[in-house]
Amino acid sequence: MPTARRASVRRLDLHLGSSAAAGAASSPRAGGPPVDALDRHFALEIPRVFSEAERAALVAGVHAARDEWTADFGGEQFSLGRAFYTHLEQGRSRQYFADAAASDARVERHLPGLQRRMRELVAALTGGLAQPRRGFCGPGVHIFPAREKVAREGGVVHFDTEGLSDYHISRRLRAITVVVMLDLPDADGGLKLWDVLYDGRDDPGDEALSARSLVAGYTPGGALVIDSYRLHQIQPFPGDRDRISATVHAAEIDRGRWETWF
């Protein structure tokens, strides 16, 4: 479980203009895409994925879509666009897949261009092709309400392996989780990361939780990128502001070709 990675977050500036869709980006080292830095660091921080004006417009769009949020775990959290892991854990996978096209349409209607931008970010990070995963919902938004369970206690300690196939996991093919913070809570609400990678056990146990760790913070409009096999947890947050973030998961299915979903 423990790794030889540095207990650090690597900050990278990517060129996220029109060339991002083709995978162009500033690399942390010659000869490799930015995502390779996850071999040596707990996470990557990408500032200014969205400008302040873009971020504010996206937050306004999320609030305007309140009637179309999907409630999960009895209202402990919500999403705009359906999230695979919440439906899997609630026994609602059939509903997730049946509504995938409509889910993407809702996200595009209220947050035009968000899904495309999130896929472009994956392409810039990986230097490869980022395409939608067939039958799955595209990138979407998580809303963790102020003073609800996650705000009070923090999120579940977990790995982001729910959407990976057994074939993918058994061969330890690459997978990443990309989270762009759209609206920060009043304080805290960062992401705790452990020096622990998935070894087939969903419950990490006390030994894993005692491993070295750090809490990575977010900046408005900026992204954190982690290895989907890394143990992590959303930290509690006080105050009256919701924690709102856009997420995309990506898995490399062939060399240089990545599938994306939410």
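User: What does Arg 174 count as at 32% relative accessibility?
Analyst: This is a predicted model, in which local features need pLDDT of at least 70 and side-chain atom pairs count only at pLDDT 80 or more, while totals for chains, interfaces and linings use all residues. Residues are numbered from 1 along each chain as its sequence is written, and side-chain values use heavy atoms, with hydrogens and water left out. Buried means under 20% relative accessible area, exposed over 50%, and partly exposed in between (1.4 Å probe, protein chains only). At 32%, Arg 174 therefore counts as partly exposed.

User: Which residue does Arg 174 meet in a salt bridge?
Analyst: A salt bridge is a side-chain nitrogen of Lys or Arg within 4 Å of a carboxyl oxygen of Asp or Glu. Here the N to O distance is 2.9 Å, and the partner of Arg 174 is Asp 36.

User: How many residues apart in sequence are the parts that Arg 174 and Asp 36 tie together?
Analyst: Helices (H or I, at least four residues) and strands (E, at least two) are DSSP runs, numbered from the N terminus. Arg 174 lies in the loop between helix H7 (166–170) and E7, and Asp 36 in the loop between strand E1 (6–11) and strand E2 (41–46). The pair therefore ties together parts whose separation in sequence is 138 residues.

User: At 12% relative accessibility, what does Asp 36 count as?
Analyst: The cut-off for buried is the one given above, and Asp 36 has a value of 12%. Asp 36 therefore counts as buried.

User: Which residue forms a salt bridge with Glu 54?
Analyst: The closest N and O atoms of this pair are 3.1 Å apart, and the partner of Glu 54 is Arg 117. Glu 54 lies in helix H1 (residues 52–64) and its partner in helix H5 (residues 114–126), so the pair ties together parts 63 residues apart in sequence. The residue asked for is Arg 117.

User: Are Arg 133 and Glu 259 buried or exposed?
Analyst: Arg 133 and Glu 259 form a salt bridge, with the closest N and O atoms 4.0 Å apart. Arg 133 lies in the loop between strand E5 (129–132) and strand E6 (140–144) and Glu 259 in strand E13 (residues 257–261), so the pair ties together parts 126 residues apart in sequence. Both residues are buried.

User: By this rule, what does the count of salt bridges come to?
Analyst: Some salt bridges join into a network, and one such network links Glu 52, Arg 55, Asp 183 and Arg 241. The count of salt bridges in the model is 18.

User: Why is strand E7 largely enclosed by the rest of the structure?
Analyst: E7 covers residues 175–183. It is largely enclosed because nine of its nine residues are buried.

User: Which residue in E12 stands opposite Thr 177?
Analyst: Two strands pair if DSSP finds at least two bridges between them. E7 and strand E12 (residues 243–254) pair in the antiparallel sense over eight bridges. E7 is also joined to strand E10 (residues 223–227) by five antiparallel bridges, with Val 178 opposite Val 225. In E12, the residue opposite Thr 177 is His 249.

User: How much space lies in the largest pocket?
Analyst: On a 1 Å grid over the protein atoms alone, a pocket is an open set of points where a 1.4 Å probe fits, with protein on both sides within 12 Å along at least five of seven lines; lining residues have an atom within 4 Å of a point. Grid points are joined across faces, edges and corners, and a volume is the space filled by probe spheres set on the points. The space in the largest pocket is about 810 Å³.

User: Which element gives the most to the lining of the largest pocket?
Analyst: The lining has 40 residues, and those nearest the pocket centre are Tyr 85, Glu 89, His 158, Asp 160 and Glu 162. Elements that give two or more residues include E6, H7, E7 and E10. With four residues, the element that gives the most is E12.
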